[in-house]
Amino acid sequence: MRASLLKWYDLNHRDLPWRRLNHSSKEEDQSELDTRAYGVWVSEVMLQQTRVQTVIGYYNRWMEKWPTIHHLAQATLEEVNEMWAGLGYYRRARFLSEGAKKIVAEGGRIPETVLALRKIPGIGDYTAGAIASIAFNEVVPVVDGNVVRAIARLKAVSANPKDSVTIKRFWKVAAQLVDPFRPGDFNQALMELGATVCTPLNPSCSTCPVSEHCCALSISREDNSVVVTDYPIKGVKVKQRCDFSAVCVVEIQGAQQILEGNKCVSEFLLIKRPNEGLLAGLWEFPSVLLDGEADWFARTEAINGFLKQILRLDPKKTCHIVLREEVGEFVHVFSHIRLKVYVELLVLKGVTNDLFKKRNNKTMPWKCVDSDALSSMGLTSSVRKVYTMVQKYKKKDLSPAKKRNRRTKKLNS
C-alpha cells in the first residue's frame with residue numbers, strides 16, 4: 001500500500017508553494033532545513049480550517065514579508081494580525097508569532113522532533129508531526145480530517161471519529177502505516193488522497209491508488225446496503241450558541257485636529273479586544289454583547305454605557321451628536337457561535353482635547369484612525385463588513401436629496 005500510494009503521489013500531487021521547499025539534496029545545511037521547517041509550519045497552521053486555494057495567496061505574501069523565523073520574531077502581533085486578516089481563527093496567528101519569538105530567544109533553531117516541537121506554544125500533535133516528518137524525516141504520523149476519512153475507509157472503522165478513544169486508534173493506525181524511508185512524503189500523500197480522491201461525498205474509488213486495500217469498498221461490493229461514504233460515521237453536530245452584539249461606528253469630526261493640531265479630518269474610533277478569548281488582541285469598532293434581542297433604545301443605552309466606561313465619553317453630555325442612525329444588521333457565523341450584529345452610526349463633534357488626554361489605555365486600548373488608515377488595516381471580516389455597511393449607508397441614505405427627508409434618531413434625553 002505504501003508503494004502504491006507514494007507512486008501515485010509522485011505523479012499526481014498538487015504543485016503547492018510550500019512543497020517546493022522539499023529536500024533538494026542529501027547534503028543540506030542547517031539554514032535550508034530551518035527554512036523548510038518554517039515553511040511547513042506556516043503552511044500547516046494556515047491550512048487548519050481553511051481551503052488550500054485560499055491559503056496559497058496568504059502563504060506567498062507571508063513568506064515574502066517574513067522569509068525566515070527570525071524575520072517573523074521581529075514582527076509585532078499587530079503586524080501579524082494584519083497579514084492574517086481574512087483567514088479567521090486568529091489565535092493561530094498569535095501562536096505563530098509567540099512560537100517564533102520563543103524559538104529565536106532560545107537559539108533560533110526549530111526543533112526537529114515531535115517531542116521537542118510540542119513544547120512550542122500552539123504546536124499540537126498534528127503540526128508537530130507534519131514539521132518533524134516533512135522537514136526532518138522523523139518517522140511519525142500525522143492525522144487530520146483527510147487522514148481520518150481515508151483510514152476509516154481503508155480499515156472500515158465505524159466508530160465516532162471524534163471520540164477520544166477512536167482518535168487514539170487513528171493515530172495508532174497512521175503510525176503503523178507511515179513509510180520509514182519517506183515519512184514526510186507518505187503523510188502528505190495520505191492527506192492528498194483524502195483531499196482529492198477519498199472525498200467526503202463523492203470519492204473516486206475507480207482512480208484510487210489503494211482501492212484494493214480498502215475494506216469499506218470491499219464491504220460495499222458484497223452488501224448493497226452499504227456504501228463507502230458510510231465511513232466514517234457522521235458525528236452529531238454541536239448546536240451553535242446564539243449571541244447578540246451592538247456595534248457602534250463612532251465617527252469624530254475634527255478628531256485629527258484635536259490630536260495633532262493639523263487639518264480637520266473625521267476619524268473613526270477603534271477599540272482593541274482583550275489579549276485572551278475570541279479574536280484576542282484585534283481592533284474593532286466599539287461593541288457590546290447583549291443579553292438577547294434588543295430594541296434600538298436598549299442597544300444605544302448599552303453603547304453609551306460602554307463609551308462612558310472605557311473612554312469617559314458621554315454622547316449626551318461631553319459632545320454634540322451630529323447624527324445617530326441605525327444602519328442595519330447581519331449574522332456572522334463562527335465555528336461555535338452564531339452572532340447577530342446590530343450596526344449603528346454615531347457622528348460626534350465638539351469632542352474636547354482634554355477628553356483625549358484623559359484616555360485610560362490600561363483598561364482597554366483605543367485609537368482614532370482616518371478612513372485611509374482604516375481601509376489598509378488588517379481587520380477581521382466582520383469588522384470590515386460593518387465598515388462597508390456604514391460606507392454604503394452614508395452614500396445611499398445620507399445623500400443631499402435624502403437629508404431633507406431623513407428622520408435622524410437623536411437620543412439627547
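A pocket, as I use the word here, is an open set of grid points with protein on both sides within 12 Å along at least five of seven lines. I am working from a predicted model, and I began with the second largest pocket, in which about 500 Å³ of space lies.

I looked up its lining next: 25 residues line the second largest pocket, and Ser 245, Arg 273, Glu 284, Ser 287 and Leu 339 lie nearest its centre. The elements that give two or more residues to this lining are strand 1 (241–252), strand 2 (267–272), strand 4 (287–290), strand 6 (337–349) and helix 17 (381–397), and the largest share, four residues, comes from strand 1. By class, I noted 16 nonpolar, four polar and five charged residues in the lining.

I then turned to helix 3 and checked its length: its 14 residues, 52–65, should span 20 Å at 1.5 Å a residue, and because its end C-alpha atoms are 20 Å apart, the two values agree. In this helix I found Val 52, Val 55, Ile 56, Tyr 58, Tyr 59, Trp 62 and Met 63 buried. An α-helix has 3.6 residues a turn, so residues three or four places apart point the same way. The cover over the buried residues of helix 3 includes helix 2 (30–47), helix 4 (69–74), helix 5 (77–84) and helix 6 (91–105).

Last, I recorded the protein chain as a whole, which has 18 helices and seven strands and in which 49% of the 413 residues count as buried. Among contacts between residues at least 6 apart in sequence, 67% join residues at least 24 apart. The accessible surface of the chain comes to about 21200 Å², of which I noted that 51% belongs to carbon and sulfur atoms.

Technical notes: Residues numbered from 1 in each chain as written. Predicted model: local features only at pLDDT ≥ 70, side-chain atom pairs only at ≥ 80, totals over all residues. Heavy atoms only, no water. 1 Å grid on protein atoms, 1.4 Å probe; cavity = no way out; pocket = protein on both sides within 12 Å on 5 of 7 lines; lining within 4 Å. Points joined across faces, edges and corners; volume = space filled by probe spheres on them. Nonpolar A, V, L, I, M, F, W, Y, C, P; charged D, E, K, R; others polar. Buried < 20%, exposed > 50% of the residue type's maximum accessible area, 1.4 Å probe, protein only. Contact = heavy atoms within 4.5 Å. Areas by Shrake-Rupley, 256 points an atom, 1.4 Å probe, with all protein chains shown as cover. Expected span 1.5 Å × (residues − 1).
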